[in-house]
Structure formats: C-alpha cells, structure tokens
Amino acid sequence: MQGQYAQLQAEEEKLTVASQRLQAKVDAFRTRKETIKATYTAAEAQTRINEAFSGISEEMGDVGMAIQRAEDKTAQMQARAGAIDELMASGALDDVGGRRDDIQAELDQLSANSDVESELRRLRGEIAASAPKQLEGSGGSGGGANGDGPVHEGQSQAQSAPYAPPAPTQQPQQAAPQQAAQSAGIPVSDLPSANDQPQDGEGL
Amino acid sequence: MIVRILGEGQFRVDDNATPGLNHLDTELETAVERGDEPAFKAALTGLLAQVRAQGSPLPPDTLEASDLILPHQDSSMDEVRKLLTDEGLIPG
C-alpha cells in the first residue's frame, strides 16, 4: 500500500516536471515564431517554424506517453486492489501479513460466536426432533412431567399408522421398540432416562 | 548528438561517446531477443546511465529535435521491443 502510494506520487512528480518542460517549449516556440516572422521571408520562415515545431511535437509525444503510462499504472493498481478485495471477501485470501486491530479482532470474535450459536441451535433442533417421540413412547406413565397432555393421543396415532414427518425416517423404527416395551410393562423407574435427554440438550 | 530519454528530457551527447553507447545498445537488443529480463534491465540501466553521465541536459526551452529517443528507465521488455528498429535503439 505504502509502495503503491509512493509509486503514484513519483508518477505525479514526473508528470508535473514534464508539463513544465512542455510549457517552457511552447513559450519558446511562441517567441521563436515571432522572431522568425520578423527576420525571414515567408518561405524561409515557414521552414524554420516547422523545424521549431518538431521540437515541440517531440516533447508533446513524450508527455503523451508519460500520461498513458501513468494511466495504465493507475488502472493496474486499481484492478489489483479490486482483485485482492474480492479474494479477501470470498475468504480465499486471509489478511495474514496485515496488522490486526482491535475492531477486526472483535469482529472475528463476534463471527466466531455466531458460529457457536448456530451450531448450538442446530444441536437443539436435532434433540428437539428426536425428543418428542421418546416422550410420546414413554408418555403412558411418565409424560405428565413435561405437561404433555395428549400423549395417549399421539401414542395411538403412532401405533395406528407409521409416524409422519417432520420426524426423521428412522423414527418409527426407534419408536416401535419403546412402544412395544411399554406395552410389555417397563417399570416407571426407567422413564427418567427419556426425560433427561432434553435437559442434556439444554446443557449444550 | 541530441538524445532524449523518455520521461526525463533531452541531453546533448558528444559524438565520441557513440561507440560506447552502441555497445550497450547491442547488449540491450540481444537481451530483448533472448527474453532475458535481468540482462535487459542491466543493459537499459547502463545505457541510460551512460547518456546521463556523458551528456549535458538541454534547457527545457530548446526547440531542437532529438537524433535518438531512448525508453523510460522502468520500461518493460515489451515496450522496448516496440521501440527497437532493425538497427537497435541507436541507428548506425
């Protein structure tokens, strides 16, 4: 960045000097032309003025090239800066060499936190998706702890037909043994394990 | 002989210096033909340094045309390739 700034400054100085040279030549040409007109015949004057003009046109060509070079260099720097911005934005390029200021560190921290938050949400969602069916399966004797009133209704649905979405496809297979176990008379003391699961999830 | 270095201005160089300049010009031409970047940079820097050392800058209000135009100090090989004639940068 500093290097590019210095480079542009150098270009600007060169152009300033070039424009001063051109101005000096234009002024000299104006003077010379008047002198020639006053001194020579028309034909001779024309020839000498043409000669003097070739000196100016050469200088103008030089300045024109200098301007072109400066423009090319600027465009190249802009393109490079744009490409780097895009790479940084896409995450393909890390600002490894750059000094990390406090604000950047805080922003990074925030984005890292939000990753954790979203991961937590995902895990909670997964647990929530699997927990109800376990409650449903065990609700006959212990579901009242969560205040799930219609447990028996849900259970009867699960029993009468394969369980419908939004539960994962494996759910009926998981639910079935529990239901069968319950009908076979699983002791109440085994039920808390089903209720504990959502609490574990909260702990994550 | 009046020599212009693009971006720098014009120099009046004594004709006696021409053989030395021609030698550097040949080196430059060879480097460009071979596509040898380091040799090219060295030859160009040497040639321009020789002109600056042996020539005297013309005042800016001079209206004389140059006998010879040399590229910028930081010219690329491609730029110089375009300027090169069959005889090199320096004719003769």
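This is a predicted model: local features need pLDDT of at least 70, side-chain atom pairs count only at pLDDT 80 or more; totals for chains, interfaces and linings use all residues.

A residue is called buried here when its relative accessible area is under 20%, exposed when over 50%, and partly exposed in between, using a 1.4 Å probe and protein chains only. Residues are numbered from 1 along each chain as its sequence is written, chains are lettered from A and ligands numbered from 1 in the order in which they are written, and side-chain values use heavy atoms, leaving out hydrogens and water.

Chain B holds three helices and four strands; these are DSSP runs, helices being H or I with at least four residues and strands E with at least two, numbered from the N terminus. Read from that end, the order is β-β-α-α-β-β-α. Take contact to mean heavy atoms within 4.5 Å. Among contacts in chain B between residues at least 6 apart in sequence, 69% join residues at least 24 apart.

Now pick out helix α1 of chain B, residues 18–34. The expected span of a helix is 1.5 Å times one less than its number of residues. For these 17 residues that gives 24 Å, and the end C-alpha atoms are 24 Å apart, so the two agree. Its buried residues include B:Leu21, B:Leu24, B:Leu28 and B:Val32. What do the buried residues of α1(B) pack against? They pack against β2 (9–13), α2 (37–54) and α3 (77–83) of chain B. Just after the helix, B:Gly35 takes a positive phi of about 70°.

Over in chain A, α2(A) has 49 residues and reaches 70 Å from first C-alpha to last, close to the 72 Å expected.

Where the chains meet, 19 residues of chain A are in contact with 20 residues of chain B. About 1,500 Å² is buried between them, with carbon and sulfur atoms giving 48%; buried area is the accessible area (1.4 Å probe) that two parts lose on being put together, summed over both.

Charge is worth a look at this interface. Side chains of opposite charge can pair when their charged atoms come close. A salt bridge is a side-chain nitrogen of Lys or Arg within 4 Å of a carboxyl oxygen of Asp or Glu, and seven of them cross between chain A and chain B. One joins A:Glu59 to B:Arg4, with the closest N and O atoms 2.8 Å apart. That pair runs from helix α2 of chain A to strand β1 (residues 2–5) of chain B, and both residues are buried.

Another links A:Arg69 and B:Asp74 at 2.6 Å, N to O. A:Arg69 lies in helix α2 of chain A and B:Asp74 in the loop between β4 (68–70) and α3 of chain B, so this pair joins two chains as well. A:Arg69 is buried, at 12% relative accessible area, whereas B:Asp74 is partly exposed at 32%. Salt bridges that share partners join A:Glu11, A:Lys14, A:Arg69, A:Lys73, B:Asp74 and B:Glu79 into one network. Within it, B:Asp74 also meets A:Lys73 (3.2 Å, N to O).
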